[in-house]
Number of protein chains: 2
Amino acid sequence: MCELCDNPGGEVLWQDALCRVVLVEDRDYPGFCRVIWTKHVKEMTDLPVAQRRHLMDVVFAVESAVRQKLQPDKINLASLGNMTPHLHWHVIPRWRGDRNFPDAIWGEMQRDARPAAPEKLAEGLRTIIHEAMHPASD
Amino acid sequence: MCELCDNPGGEVLWQDALCRVVLVEDRDYPGFCRVIWTKHVKEMTDLPVAQRRHLMDVVFAVESAVRQKLQPDKINLASLGNMTPHLHWHVIPRWRGDRNFPDAIWGEMQRDARPAAPEKLAEGLRTIIHEAMHPASD
């Protein structure tokens, strides 16, 4: 049983046969997205080179969309998978006043922040990611 | 002033004009490497696509070398840069009994572990990374 084999893991913003982008439900980090590989694969270097590139292209399309939509002070990217060894990337917008800044979001809470999410965040991200992954008249 | 503009940040295992691989001095995480972009650039999506690919190719060459040399239970990859907004990737070998497992290494300490580093670790990693980045008779 694997959580990411069995569940979408968030609101799906985009997907193809290889992977999906989801918006994570996290009140401390609006705009926190994950890119989840469809197959149960553990490490990046378990993928053939072309698939690694595809996955990173999607991660960077999400990074661009999050920057465009939210203008964070920093983007954090991470593929950990210690608890769920099913390949997935965290794309996390960070702000100077957020819950953990300047520590990683997995560190001790620094302050109670709860920033407001911009309106129609999912729709906005969905549009930008779709345009990046299917350019021109696709 | 930027720490990664001014200092190598560890023992250099490999480098080209664009980036360098260093072995981090961390007694809790032998084999912890970083891949540091040479120029002071903040985010992956500030790089042109070809340079992003090059940087990720190096990150994955390091991941392969660390897996081959240390056989960790998991690899953690992360580009955070909240404190030092100069593009760098953490490549961290993780073990079930390590200091923070299954949490991120930036979380609270779970136990005192201090695993022994394999002998000639730097030399071993250097050889494998060099072979991956300069295949054949280069």
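Helices (H or I, at least four residues) and strands (E, at least two) are DSSP runs, numbered from the N terminus. This is a predicted model in which local features need pLDDT of at least 70 and side-chain atom pairs count only at pLDDT 80 or more, while totals for chains, interfaces and linings use all residues. Residues are numbered from 1 along each chain as its sequence is written, chains are lettered from A in the order in which they are written, and side-chain values use heavy atoms, with hydrogens and water left out.

Q: Where is A:Pro102 in chain A, and what kind of peptide bond runs to A:Pro102 from A:Phe101?
A: A:Pro102 sits in the loop between S5 and helix H3 (121-133) of chain A. The bond from A:Phe101 is cis, with omega near 5°. In chain B, B:Pro102 lies in the loop between S5 and helix H3 (121-133), and the bond from B:Phe101 to B:Pro102 is cis, with omega near 0°.

Q: What makes the pair of A:Trp89 and B:Trp89 edge-to-face?
A: The search of the whole structure finds 2 aromatic pairs over all chains. In the pair of A:Trp89 and B:Trp89, the ring centres are 5.7 Å apart and the planes stand at 85°. Rings of Phe, Tyr and Trp (its six-membered ring) pair if their centres lie within 6.5 Å; planes under 30 degrees apart count as stacked, over 60 as edge-to-face and the rest as tilted. The centres at 5.7 Å and the planes at 85° therefore make an edge-to-face pair. The pair crosses between chains, joining strand S5 (residues 88-94) of chain A to strand S5 (residues 88-94) of chain B.

Q: Why is A:Trp89 called buried?
A: A:Trp89 has a relative accessible area of 0%, and buried means under 20%, exposed over 50%, partly exposed in between (1.4 Å probe, protein chains only). B:Trp89 is buried too, at 0% relative accessibility.

Q: How do you know that A:Met44 counts as buried, and what does A:Met44 touch?
A: The relative accessibility of A:Met44 is 1%, so this residue counts as buried. A:Met44 belongs to the loop between strand S3 (33-37) and helix H2 (49-70) of chain A. Leaving out residues up to four places away in sequence, its contacts (heavy atoms within 4.5 Å) include A:Leu55, A:Trp89, B:Phe60 and B:Leu77. The C-alpha atoms of A:Met44 and A:Leu55 are 9.1 Å apart, with the two residues 11 apart along the chain.

Q: Why is A:Arg114 called partly exposed, and why is A:Gln71 called exposed?
A: A:Arg114 has a relative accessible area of 42%, so it is partly exposed. A:Gln71 is exposed because its value is 56%. A:Arg114 is in the loop between S5 and H3 of chain A, and A:Gln71 is in the loop between H2 and strand S4 (74-79). Neither is a glycine, yet phi is positive in both: near 50° for A:Arg114 and about 45° for A:Gln71.

Q: What makes chain A as compact as a globular protein of that length?
A: Chain A has 3 helices and 5 strands, in the order α-β-β-β-α-β-β-α from the N terminus. Its radius of gyration is 15 Å, close to the 14 Å of the globule rule for 138 residues, so chain A is as compact as a globular protein of that length. The radius is taken over C-alpha atoms, and the rule is 2.2 Å times the number of residues to the power 0.38. Buried residues make up 50% of the 138 residues.
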